[in-house]
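Work through the exercises below with the sequence and structure open. Each task is followed by its solution in steps.

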Protein chains: 2
Amino acid sequence: MNPPLRLLVIGGVAAGASCAARARRLDEHASIIMLDRGPDVSFANCGLPYHIGGEIAERGALAVQTPAGLKSLLNLDVRTGCEALRIDRAGKRVEVRQVADGHCEWISYDKLMLAPGASPLRPALPGIDDARVHTLRNLQDMDRILAAAGTARRAVVIGAGFIGIEMAEQLRHRGLAVQLVELQEQVLPQLDAPMSALLASELQRQGVTVMTGERVTAFEPADAVLHCRLASGRVLEADLVILSIGVQPETTLAREAGLALGPRGHILVDEFMRTSDPDIHAAGDAVLTRDRIDGSAVSVPLGGPANRQGRVAADCMLLGDRARPYPGSLGTAIVRAFDVVAGITGWSEKRLLAAGKAHDSITVNAEHHAGYYPGAKPMSLKILWEPDTGRLLGAQATGFEGVDKRLDVLATALAGGMTVDDLCHLELAYAPPFGSAKDIVNLAGFAACNKRDGLVTPAASLPADANVQVLDVRPKALAEAFPVPGGAINIPFPALRASLDRLDPRRPVVTVCAFGKMSYFAARILAQQGFEVRSFAGGMRGNVDPRSPGKMPG
Amino acid sequence: MNPPLRLLVIGGVAAGASCAARARRLDEHASIIMLDRGPDVSFANCGLPYHIGGEIAERGALAVQTPAGLKSLLNLDVRTGCEALRIDRAGKRVEVRQVADGHCEWISYDKLMLAPGASPLRPALPGIDDARVHTLRNLQDMDRILAAAGTARRAVVIGAGFIGIEMAEQLRHRGLAVQLVELQEQVLPQLDAPMSALLASELQRQGVTVMTGERVTAFEPADAVLHCRLASGRVLEADLVILSIGVQPETTLAREAGLALGPRGHILVDEFMRTSDPDIHAAGDAVLTRDRIDGSAVSVPLGGPANRQGRVAADCMLLGDRARPYPGSLGTAIVRAFDVVAGITGWSEKRLLAAGKAHDSITVNAEHHAGYYPGAKPMSLKILWEPDTGRLLGAQATGFEGVDKRLDVLATALAGGMTVDDLCHLELAYAPPFGSAKDIVNLAGFAACNKRDGLVTPAASLPADANVQVLDVRPKALAEAFPVPGGAINIPFPALRASLDRLDPRRPVVTVCAFGKMSYFAARILAQQGFEVRSFAGGMRGNVDPRSPGKMPG
């Protein structure tokens with residue numbers, strides 16, 4: 001019998017803990033040591049904001065496992081408060097220091113797993129070290145923020161990505177005045193701007209002051225308050241600052257060991273999570289993984305991929321030929337702010353544009369379940385695809401209910417290499433409380449195919465050219481209450497066929513309605529009457545509160 | 001310019017109305033006549049039960065479109081109260097009778113669309129024509145049931161499929177005593193029996209008397225009440241009977257026209273919804289379509305497929321080479337009964353067994369979102385796959401929240417021809433309110449791969465053989481409160497590694513826990529210690545109320 005495998009895991013949260021747990025299932029006899037620099041392992045880092053806001057009442061709920069629990073469940077030798085100082089690759093050992101007493105020792109390994117994670121960015125701004133400037137990575141950060149929030153009245157959250165938005169929401173729940181500062185011109189800059197607009201308006205409706213296109217330049221203590229100075233000259237007063245502008249991989253150990261790193265310091269791994277040293281695996285926020293759409297190297301610091309990568313690493317170590325590769329990451333992500341939800345899977349249009357990749361896109365609006373069943377809420381879905389093949393490249397959704405479901409369907413379709421044609425015929429679970437006979441995902445497929453087949457030419461924006469006739473087909477009352485900027489000819493849709501003489505057939509037309517559906521119908525009529533016509537795909541919904549009761553007139 | 005196309009559509013609900021609407025978008029100049037025998041077109045037939053129960057307060061909400069509305073929106077010539085009597089295929093015309101006055105006329109067509117639907121089965125039982133025995137297909141049926149329910153106290157619902165369960169729920173909402181009678185030995189017989197058990201217990205908890213394995217033989221008026229006589233000898237008293245035992249296609253017209261029909265009278269169509277006459281299309285509940293899993297001919301009388309088939313038919317008539325085929329149906333379906341939801345996509349195990357198709361299956365149990373976030377509810381997911389390839393064949397889910405989402409993900413994976421390996425790495429939208437870093441869909445993939453890779457051998461049932469050691473690894477209190485039927489050795493999981501001497505290594509072991517997770521862990525330990533071991537996949541959850549607060553001990 002071979003001597004038992006010695007597995008050393010550095011980092012005990014998502015990727016590390018998943019690797020150790022899977023390794024134990026695969027090898028009851030292995031010696032598995034899991035180190036973490038901090039006092040906790042396997043805690044619920046995605047839950048931290050929700051304890052700060054009070055939604056998760058018990059701190060203990062976030063400590064999913066303890067070292068003693070992992071010993072008893074998985075026979076793991078968990079050592080918290082232990083920092084890995086250096087890797088001796090030739091000797092296959094790691095020098096480890098106990099944080100408490102500085103005691104150092106070497107731990108030998110047959111296989112080494114690196115799951116060091118990523119730390120929040122803290123740029124070298126004046127005043128950044130003020131104790132009121134917090135980042136959120138672990139339970140201790142959370143405890144500090146909670147302690148500060150006890151007396152704080154004004155919070156400034158810097159960075160309106162996923163964590164920043166969650167923190168803004170949760171600090172509002174605690175009753176703080178919250179100012180949310182974002183460098184980009186939109187909140188949730190991972191999404192295309194129109195898809196984050198509902199989120200921004202919801203944040204503002206709930207009392208969060210949203211400032212986009214603003215950069216923090218310094219933190220200045222002033223009496224009992226901290227001034228956050230912005231590049232625009234504005235100064236925000238804060239008792240508490242949350243810095244959530246991104247993360248950087250913690251890969252000093254890997255670099256010093258000579259492992260191959262990416263341009264921004266991430267550990268390079270193959271599809272079995274092997275580093276450039278075949279006895280050292282790595283996974284989670286610290287690695288570059290493959291993008292599932294185009295195979296390029298990407299960093300996707302998210303919990304889901306980290307967990308599954310850790311599992312793949314264990315499989316590679318212990319299952320041999322039966323191990324299956326990690327297929328890459330899509331970057332599926334979702335956030336809730338109060339009543340609004342938004343998320344993305346795959347590539348955004350801005351990312352496709354920046355990469356110069358050919359793409360086409362469409363945005364559709366519909367209700368999240370049958371309109372005749374009570375409680376139907378509007379939602380918006382944007383899909384992107386490869387023009388030549390119809391293959392999906394990405395999707396974004398926003399609304400109130402059912403956003404997660406549509407993102408999951410699209411993430412599955414992306415993983416399956418499916419096309420816009422496939423979306424037309426997805427047979428999703430339909431009963432009135434759950435969906436529609438033609439779900440918004442089907443509608444997105446229909447709209448994409450209509451565009452591809454030349455049945456409609458969408459207009460992404462209202463025309464600037466005065467020669468273009470803007471035709472508003474909404475009911476008169478709606479057209480007057482929320483007029484099209486720049487003016488329009490209002491012919492309510494039911495009257496259109498009988499009123500074509502009000503349009504000049506020699507001049508192009510852009511059709512406009514509330515949601516982009518009736519304008520499509522109108523464009524079909526005009527196109528077949530010989531007009532050069534485009535349909536304003538987004539509709540005028542941005543000018544209408546989606547919470548208004550009843551069905552939105554078309 | 002060609003003369004305008006004359007399209008005649010018979011049947012104005014899902015498939016017919018979709019066909020007519022799509023045809024109008026594709027051809028503004030076509031003459032489109034849509035007939036329906038009844039007084040309504042394009043009504044929300046899936047919503048009927050919910051108006052009976054009062055959830056949909058306004059009857060008008062179900063009349064999605066009126067003939068006048070369809071004229072104004074789509075320039076359709078809608079003729080309600082018109083029955084098609086016969087098709088003169090050679091003359092390309094249909095004889096139509098006005099129900100009101102018996103007036104007959106011939107209507108010519110270039111293309112004919114048949115969307116006659118299916119009518120509820122009414123077997124020739126004694127007393128079946130009693131006015132208290134209702135079926136539910138249209139608004140008039142609904143009105144009659146509503147009128148009867150006003151004074152009724154006792155309802156008998158015959159057939160516990162999707163409609164029967166919805167009707168049982170809605171009649172309970174109205175305060176009636178409801179008895180639900182099902183021929184099969186389980187409610188929702190479309191599912192495998194274990195996956196419908198939660199639904200049955202919820203129906204009973206909410207006061208519905210559920211009787212399975214019972215057949216109605218006669219209806220007998222007795223004073224003011226109707227007696228429903230069952231084959232078992234029981235007699236149920238009813239003021240109101242709902243018969244929901246299935247449907248049959250309404251294809252007399254097609255048969256008499258000599259169109260090719262299937263063995264049970266459905267119209268045969270190709271993938272463009274063309275009948276055996278190339279100028280006659282058909283779609284919806286009356287046709288045989290292709291099964292998306294194996295390509296066999298199936299009847300799938302559901303609203304989603306009907307709508308999309310109608311659209312494909314219009315595309316075939318009007319888009320020529322650009323039309324794309326209907327890819328077949330999965331039979332995705334879902335039902336809610338009070339707090340519980342259950343559904344299916346693709347094939348069930350019983351259907352695979354009946355067809356003699358090789359398959360493998362696994363059932364996993366998990367919470368619908370992160371367990372540490374408040375409100376996590378248990379759910380159960382069963383998947384079936386082809387052993388050779390890992391290709392998915394079907395899935396069933398039941399629980400309280402998020403069942404529809406997982407069915408939609410699996411329906412998408414089925415449509416994409418994806419495998420159990422693909423499920424492992426679906427990157428679903430994760431934030432604590434929405435899911436888990438390892439979603440139950442991922443867990444199902446893991447479990448399937450573990451089974452395929454020989455890491456675990458599931459036991460579908462508890463062993464009958466006394467030589468087999470049943471090992472219950474739940475905590476002592478739980479093992480005592482809900483003992484394993486037939487007895488078991490209780491070694492709580494944390495003590496297992498130190499207590500292996502309590503098991504006889506020469507005798508096989510079946511491990512048992514609450515949800516099937518800890519029993520898998522235990523089986524891994526025993527297998528690697530040389531035991532012949534299987535894990536009881538279902539767990540003991542059937543003996544524990546899933547509504548008990550907090551996390552279920554493993």
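Buried area is the accessible area, taken with a 1.4 Å probe, that two parts lose on being put together, summed over both. The model used here is predicted.

**Exercise 1.** State how much area is buried between chain B and chain A, and how many residues are in contact.

Solution. 
- Start with the area: about 7600 Å² is buried between the two chains.
- Turn to residues: 90 of chain B are in contact with 89 of chain A.

**Exercise 2.** Find the salt bridges and polar contacts between chain B and chain A, then say which element of chain B gives the most residues to this side.

Solution. 
- Salt bridges between the chains: the count is ten.
- Polar contacts across the interface: 40 residue pairs, both residues at pLDDT 80 or more.
- Elements of chain B giving two or more residues to the side that touches chain A include α1 (14-26), α8 (303-319) and α10.
- The top contributor is α10(B), with nine residues.
- By class, the residues on this side of chain B are 48 nonpolar, 19 polar and 23 charged.

**Exercise 3.** Decide whether Asp408(B) is buried or exposed, and list what it touches.

Solution. 
- Locate Asp408(B): helix α10 of chain B, residues 403-415.
- Apply the cut-off: buried means under 20% relative accessible area.
- Asp408(B) has 2% relative accessibility, so it counts as buried.
- Leaving out residues up to four places away in sequence, Asp408(B) touches Lys405(A), Val409(A), Leu428(A) and Ala429(A).

**Exercise 4.** Which side chain of chain A meets Lys405(B) in a salt bridge?

Solution. 
- The partner is Asp408(A), at 3.7 Å from N to O.

Methods: Residues are numbered from 1 along each chain as its sequence is written. Chains are lettered from A and ligands numbered from 1 in the order in which they are written. This is a predicted model: local features need pLDDT of at least 70, side-chain atom pairs count only at pLDDT 80 or more; totals for chains, interfaces and linings use all residues. Side-chain values use heavy atoms; hydrogens and water are left out. Helices (H or I, at least four residues) and strands (E, at least two) are DSSP runs, numbered from the N terminus. Buried means under 20% relative accessible area, exposed over 50%, partly exposed in between (1.4 Å probe, protein chains only). Contact means heavy atoms within 4.5 Å. A salt bridge is a side-chain nitrogen of Lys or Arg within 4 Å of a carboxyl oxygen of Asp or Glu. A polar contact is a pair of N or O atoms within 3.5 Å; within protein, one must be able to donate a hydrogen and the other to accept it, and residues adjacent in sequence count only if both atoms are side-chain atoms. Ala, Val, Leu, Ile, Met, Phe, Trp, Tyr, Cys and Pro count as nonpolar, Asp, Glu, Lys and Arg as charged, and the others, Gly among them, as polar.
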